[in-house]
Amino acid sequence: FFFLMIRRPPRSTLDRSSAASDVYKRQVSTQSTWDFISKRKGMLGIYARSMLRLAPRFLGYSAANFSVKRFTLTHEWIDYDEHSKLGKMGITDFAQGHLGDIVHIELPKLNSNVAQGKVIGGLESVKAVSDIMAPATGKILKINDSLKEDPSVMNKSPEADGWIAEMAVEKASDIANLLDEAAYKKHCEEHKDDHQSTSITFIYKTSY
């Protein structure tokens, strides 16, 4: 009789084989988990996009009814909400840069009716004075009183914290006739070296 001798592998070999098997299992498990998450993320993305498209209908207005920012040739801006028909206005960063440090502001009169392109207030800086023009026809509902105490905010944040007034816009067509951001940037580029452009209603001070 012949006996078949089967040699048992060393324990270290068995341990390595078992460890490799465990690593492989973990890799497969991890990959399966990521595949699951990726699929769910894709489904959540589709769901989120669908909800964003449907939300305006539930809220009672169309997706187009968001605020739009427009600019005048005399360097005022207005952030207009098509739904509420309200617009917050001020002077642009380009304007404050040309004016220099602003030291005084004459705000529009509260509850006054204003006409597009007409003077509604004024600014004084260390080197110039300038009129503030109405970007649209309507009624002044709010004014930024804090500018009286600290007009320098108009230099620091002319198109945010340095807003001048909020108004009810009478005609949406007034907004449509203003410049969008691209057109305004082009306008500024054309006049960046012209400190006394006729499109800017600045009256420069003279030193004696």
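1. How many residues lie between β2 and β3 in their hairpin, and which residue in the turn has a positive phi? The hairpin has four residues between its strands, and K85 in the turn has a positive phi of about 65°. Keep in mind throughout that this is a predicted model.

2. Start with the whole chain. The protein chain has six helices and 10 strands. Of its 208 residues, 32% are buried. The chain exposes about 14000 Å². Carbon and sulfur atoms supply 56% of that area. Now look at contacts with a separation of 6 or more. Residues 24 or more positions apart account for 60% of them.

3. Next, the sheet. Six strands form an open sheet, in the order β1-β2-β3-β9-β8-β5. The pairing is antiparallel. At the edges are β1 (67-71) and β5 (113-114), and each of these pairs on one side only. As background, strands of a sheet pair through backbone hydrogen bonds, either parallel or antiparallel.

4. Strand β2 covers residues 76-81 and strand β3 covers residues 86-91; they pair over six bridges. Here D81 stands opposite L86 in β3. On to the next pair: β3 and β9 are joined over four bridges, again in the antiparallel sense. G87 stands opposite M167 in β9. Then β8 (residues 138-143) pairs with β9 (residues 165-169) over five bridges. In that pairing I143 faces A165 of β9.

5. Which two residues form the aromatic pair, and how are their rings arranged? The count comes to one aromatic pair. The rings belong to F71 and Y184; their centres are 4.6 Å apart and their planes meet at 10°, so the pair is stacked. Planes under 30 degrees apart count as stacked, which is why 10° qualifies. F71 lies in strand β1 and Y184 in helix α6 (residues 181-191), so the pair ties together parts that are 113 residues apart in sequence. Both partners count as buried: F71 has 5% relative accessibility, and Y184 has 6%.

6. Stay with helix α6. Its buried residues are Y184, H187, C188 and H191. They cover an arc of only 95° around the axis, so they sit on the same side of α6. The buried residues of α6 pack against β1 and α2 (93-99). Turned away from that buried side is a face with the exposed residues A182, K185, K186 and E190.

7. Two lysines lie over tryptophan rings. K69 is over the face of W77, at 4.9 Å from the ring centre. K88 is over the face of W163, at 4.6 Å from the ring centre.

8. Check the backbone angles too. Most residues other than glycine have a negative phi. H75 has a positive value, near 70°. H75 lies in the loop between β1 and β2. Its relative accessible area is 1%, so H75 is buried. N111 also has a positive phi, near 70°. The place of N111 is in the loop between β4 (102-106) and β5. With a relative accessible area of 46%, N111 is partly exposed.

9. Is V126 buried or exposed? Its relative accessibility is 54%, so V126 counts as exposed. The cut-off for exposed is over 50%. V126 lies in the loop between β6 (119-125) and β7 (128-133). In sequence, V126 and I102 are 24 residues apart. In space, their C-alpha atoms are 6.6 Å apart.

10. Finish with A115, in the loop between β5 and β6. A115 is partly exposed, with a relative accessible area of 33%. Leave aside its neighbours within four places in sequence, and A115 is in contact with A134, A136 and T137. A115 and G138 are 23 residues apart along the chain. Their C-alpha atoms are separated by 6.6 Å.

Conventions. Residues numbered from 1 in each chain as written. Predicted model: local features only at pLDDT ≥ 70, side-chain atom pairs only at ≥ 80, totals over all residues. Heavy atoms only, no water. Pairing = 2+ DSSP bridges. Helix = DSSP H or I, 4+ residues; strand = E, 2+ residues; numbered from the N terminus. Buried < 20%, exposed > 50% of the residue type's maximum accessible area, 1.4 Å probe, protein only. Phe/Tyr/Trp six-rings, centres within 6.5 Å; stacked < 30°, edge-to-face > 60°. Lys NZ or Arg CZ within 6 Å of the ring centre and 35° of its normal. Arc of directions from axis to C-beta. Contact = heavy atoms within 4.5 Å. Areas by Shrake-Rupley, 256 points an atom, 1.4 Å probe, with all protein chains shown as cover.
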